[in-house]
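Work through the exercises below with the structure open. Each task is followed by a stepwise solution.

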Amino acid sequence: MGDTALEAVLRRDRAVVTAALLVIALLAWAYVLWLTADMVMPGSPVPGSTGGDMAGMDMSTMDTGGMDMGATVAPGFRTWSSADFAFIFTMWAVMMVGMMTPSVAPMLLLYAGVGRKAHADGRPIASTGWFFAGYLAVWVVFSALATGAQWLLARLALLDPSMATDSAILGGLVLIAAGLYQWTPMKGVCLRQCQAPIAFLASHGGFRSAPLGALRLGIDHGAYCLGCCWALMALLFVGGVMNVLWIAGIAILVLLEKTVPTGQLIPRVSGALMAAIGAWLVLRAL
């Protein structure tokens with residue numbers, strides 16, 4: 001295959017992978033938007049009622065007339081059923097796909113391009129899908145942990161219907177912790193692996209020919225990504241798990257950290273701001 005033909009194939013593959021990632025991200029965001037539109041927020045009337053202020057209402061004692069409130073009211077107001085756990089877990093998993101797919105796109109595009117060239121050279125490597133599946137598996141596990149954290153906060157009555165903490169002190173402490181983590185060596189190590197796909201591959205033995213090897217490589221990359229971003233995801237409990245602007249803001253910050261060549265500048269500036277705002281919230285609440 002000539003160089004011109006190969007370059008055309010690589011461009012086509014990059015276009016296909018980019019389109020696929022865009023569709024995945026858009027579907028995930030569409031799901032999140034649908035959930036937020038269908039949820040009842042503080043001050044909104046209960047579906048089927050004539051209106052009224054919900055703030056301060058005890059939903060655990062309200063007679064819903066057999067209505068299934070699980071899909072419209074955050075289950076923090078009552079004991080969670082298995083369906084609630086499944087619903088919240090699905091919400092977290094899909095939200096993580098929507099938030100993290102853009103930031104892993106450079107790695108996947110590199111993988112797809114090298115994979116096509118390796119196939120043309122007679123040395124095929126495992127499909128990009130295996131790598132992506134391993135990456136997403138890490139965030140699915142994180143989603144399960146986040147669901148457990150949300151259940152605990154709901155049990156302690158620390159969440160409002162938008163799934164944000166209604167404790168200024170707790171919210172401030174989470175902001176401070178996330179801000180300080182932005183300055184830690186672990187954050188720096190994980191971020192460097194995410195910022196430099198080629199360096200990551202070189203330090204992990206390169207691409208894999210076997211599907212399970214590619215899956216494991218994706219898990220390794222996802223683990224670094226989790227180490228880089230888990231504290232930022234905890235901020236969802238501060239601004240609201242169902243606050244679309246807050247979700248988008250965190251997703252943009254993650255994307256900027258990984259793709260803009262500023263080294264540690266963005267996480268350190270954002271970390272200082274988080275810690276300062278968190279300290280202000282705590283001091284104001286005392």
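The model is predicted.

**Exercise 1. Surface patch**

Task: Which residues make the nonpolar surface patch of about 520 Å²?

Solution: 
- Step 1. The patch is formed by Leu265, Val269, Leu273, Ile277 and Trp280.

**Exercise 2. Nonpolar core**

Task: Find the residues that touch the most other members of the largest nonpolar core. Then list the contacts of Met233 beyond its neighbours within four places in sequence.

Solution: 
- Step 1. The core holds 55 residues, and Trp92, Met99, Met233 and Leu236 touch the most other members.
- Step 2. Helix α2 (residues 82-120) supplies the largest share of this core, with twelve residues.
- Step 3. With those sequence neighbours set aside, Met233 contacts Trp92, Met96, Met99, Met100, Trp139, Phe142, Ile250 and Val254.

**Exercise 3. Salt bridges**

Task: How many salt bridges are there? Describe each pair by distance, location and burial.

Solution: 
- Step 1. The count is two.
- Step 2. One joins the side chains of Glu257 and Lys187, at 2.8 Å from N to O. Glu257 sits in helix α9 (residues 244-259) and Lys187 in helix α5 (residues 185-195), so distant parts of the chain, 70 residues apart, are linked. Both Glu257 and Lys187 are buried.
- Step 3. Asp220 bridges to Arg216, with 3.3 Å between the closest N and O atoms. Asp220 and Arg216 are four residues apart in helix α7 (residues 211-234), so about one helical turn separates them.
- Step 4. Check burial in this pair. Asp220 has a relative accessible area of 19% and is buried. Arg216, at 52%, is exposed.

**Exercise 4. Cover over α5**

Task: Which residues of α5 are buried? Which elements are included in what covers them?

Solution: 
- Step 1. The buried residues are Lys187, Gly188, Cys190, Leu191, Gln193 and Cys194.
- Step 2. Their cover includes α4 (168-181), α6 (197-203), α7, α9 and α10.

**Exercise 5. Aromatic pairs**

Task: How many aromatic pairs are counted? Compare the geometry and setting of Phe85–Trp151 with those of Trp139–Phe142.

Solution: 
- Step 1. The count is nine aromatic pairs.
- Step 2. Phe85 and Trp151 are tilted, 6.4 Å centre to centre with 35° between the planes. Phe85 is in helix α2 and Trp151 in helix α3, so the pair ties together parts 66 residues apart in sequence. Phe85 is partly exposed at 31% relative accessibility, and Trp151 is partly exposed at 32%.
- Step 3. Trp139 and Phe142 are edge-to-face, 5.3 Å centre to centre with 75° between the planes. Both lie in helix α3, three residues apart, about one turn of the helix. Trp139 is buried at 1% relative accessibility, and Phe142 is buried at 13%.
- Step 4. Extend the view: ring pairs link Trp92, Trp139, Phe142 and Phe237 into a cluster.

**Exercise 6. Backbone angle**

Task: What is the phi of Ala157, and where does Ala157 sit?

Solution: 
- Step 1. Recall the background: most residues other than glycine have a negative phi.
- Step 2. The phi of Ala157 is near 60°, a positive value.
- Step 3. Ala157 lies in the loop between α3 (128-155) and α4. Its relative accessible area is 53%, so Ala157 is exposed.

Definitions and conventions:
Residues numbered from 1 in each chain as written. Predicted model: local features only at pLDDT ≥ 70, side-chain atom pairs only at ≥ 80, totals over all residues. Heavy atoms only, no water. Core = buried A, V, L, I, M, F, W, Y, C linked by side-chain atoms within 4.5 Å. Buried < 20%, exposed > 50% of the residue type's maximum accessible area, 1.4 Å probe, protein only. Helix = DSSP H or I, 4+ residues; strand = E, 2+ residues; numbered from the N terminus. Contact = heavy atoms within 4.5 Å. Patch = residues over 30% accessible without salt bridge, like charges linked within 9 Å, V, L, I, M, F, W, Y side chains within 5 Å. Areas by Shrake-Rupley, 256 points an atom, 1.4 Å probe, with all protein chains shown as cover. Salt bridge = Lys/Arg side-chain N within 4 Å of Asp/Glu carboxyl O. Phe/Tyr/Trp six-rings, centres within 6.5 Å; stacked < 30°, edge-to-face > 60°.
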